[in-house]
Amino acid sequence: MTELFNGKGGLVEGCIQRIDRTGLDFEAMEDPKLVLPHHTQWHVFAAFGTLKGGRADWLVEKCTELGAQSVTPLLTERSPSISENRVDRLQRVILAATKQCQRLHEMVLNPPMKVDSLLPIVAQSKLSFVATAEATPLVTALSSSRKESSGMIIVGPEGDFTEEEVNMIMEAGATAVGLGPHRLRVETATMALLATLMLWSDSQQLPNA
């Protein structure tokens with residue numbers, strides 16, 4: 001017996017009858033099921049366009065494994081671009097990670113976005129966190145946060161956001177949160193935020209949204 005999934009919540013159980021170079025024959029043993037997402041949907045906006053040495057690949061791979069709903073490359077003053085070839089590669093990384101961790105809902109890789117375009121999305125979100133140095137610790141901020149079915153994680157580039165960018169994001173409604181006394185790499189900060197928030201939202205036992 002084996003299970004097939006389509007990355008969109010579809011799941012069917014059955015048996016593989018034949019495998020050759022052209023493909024395989026699969027006999028379904030039951031009707032396909034549609035499985036809804038169980039957790040708070042976290043959307044990651046991270047300025048990783050200038051990361052080198054496979055670090056961007058690692059970031060989107062781990063976001064996929066941890067259960068982020070989407071990842072958006074954020075274009076900032078200190079990380080102003082990301083190549084088209086890089087975006088294509090990241091999509092392949094996400095597909096491979098989805099298969100490896102048997103994730104039923106494939107993570108979405110959105111087109112790159114500038115900070116100006118991010119602001120209206122922050123304003124509409126009821127739960128959004130931006131990682132900044134010397135801000136209120138994340139765990140402290142969570143103690144006063146209310147339960148929501150969707151939230152945003154915003155992480156700046158190497159060298160951090162400019163002061164103007166941080167101010168704009170916070171004025172739009174994001175909560176500034178700190179991740180400890182050390183300066184973290186972009187991918188490390190993203191993982192620290194996402195892992196903590198996934199555990200926190202799981203503990204809230206939210207109903208399906």
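Asp160 is partly exposed, with a relative accessibility of 21% (buried is under 20% relative accessible area, exposed is over 50%, and partly exposed is in between, with a 1.4 Å probe and protein chains only). This is a predicted model, where local features need pLDDT of at least 70, side-chain atom pairs count only at pLDDT 80 or more, and totals for chains, interfaces and linings use all residues. Residues are numbered from 1 along each chain as its sequence is written, and side-chain values use heavy atoms, with hydrogens and water left out.

**The whole chain**

- The protein chain has six helices and 11 strands (DSSP runs numbered from the N terminus, with at least four residues of H or I for a helix and at least two of E for a strand).
- Out of its 209 residues, 41% count as buried.
- Take the contacts (heavy atoms within 4.5 Å) between residues at least 6 apart in sequence: 76% of them join residues at least 24 apart.

**The largest pocket**

- The largest pocket has a volume of about 470 Å³ (a pocket is an open set of points on a 1 Å grid where a 1.4 Å probe fits, with protein on both sides within 12 Å along at least five of seven lines).
- It is lined by 23 residues, and the closest to its centre are Thr132, Ala133, His182, Arg183 and Leu184 (a lining residue has an atom within 4 Å of a point).
- Sorted by class, that lining comes out as 12 nonpolar, six polar and five charged residues (Asp, Glu, Lys and Arg are charged; Ala, Val, Leu, Ile, Met, Phe, Trp, Tyr, Cys and Pro are nonpolar; the others, Gly among them, are polar).

**Positive phi angles in loops**

- Back to Asp160: you'll find it in the loop between strand E10 (150-155) and helix H5 (163-171).
- The phi angle of Asp160 is near 75°, a positive value in a residue other than glycine.
- Glu134 has a positive phi too, near 65°, and is likewise not a glycine.
- Look for Glu134 in the loop between strand E9 (128-131) and helix H4 (138-142), where it is exposed at 83% relative accessible area.

**Helix H1**

- Helix H1 covers residues 55-66, and its 12 residues should span 16 Å at 1.5 Å a residue, which agrees with the 16 Å between its end C-alpha atoms (the expected span is 1.5 Å times one less than the number of residues).
- Its buried residues are Arg55, Ala56, Asp57, Leu59, Val60, Cys63 and Thr64.
- These buried residues pack against strand E5 (41-46), strand E6 (70-75), helix H2 (84-100) and helix H6 (186-204).
- Just after H1 comes Gly67, which has a positive phi of about 105°.
- If you're tracing which side of a helix faces where, remember that an α-helix has 3.6 residues a turn, so residues three or four places apart point the same way.

**Helix H6**

- H6 has 19 residues and reaches 27 Å from its first C-alpha to its last, close to the expected 27 Å.
- Quite a list of H6 residues is buried, including Val186, Ala189, Met191, Leu194, Leu197 and Trp200.
- The partners that these buried residues pack against are E5, H1, E9, H4, E10 and strand E11 (175-177).
- Gln204 is also in helix H6, but this one is partly exposed, at 23% relative accessibility.
- Along the sequence, Gln204 and Thr40 are 164 residues apart, yet their C-alpha atoms are 9.3 Å apart in space.

- Gly151 is in strand E10 and is buried, with a relative accessible area of 0%.
- Leaving out residues up to four places away in sequence, Gly151 touches Thr40, Gln41, Trp42, His43 and Leu127.
- Ser128 belongs to strand E9 and is buried at 4% relative accessibility.
- Beyond residues up to four places away, Ser128 touches Val122, Met152, Gly173, Ala174 and Thr175.
- Ala174 sits in the loop between H5 and E11 and is buried at 7% relative accessibility.
- Apart from neighbours within four places in sequence, Ala174 is in contact with Val122, Ser128, Val130, Ile154 and Ile169.
- From Ala174 to Ile154 is 20 residues along the chain, with 8.7 Å between their C-alpha atoms.

How values were computed
Points joined across faces, edges and corners; volume = space filled by probe spheres on them.
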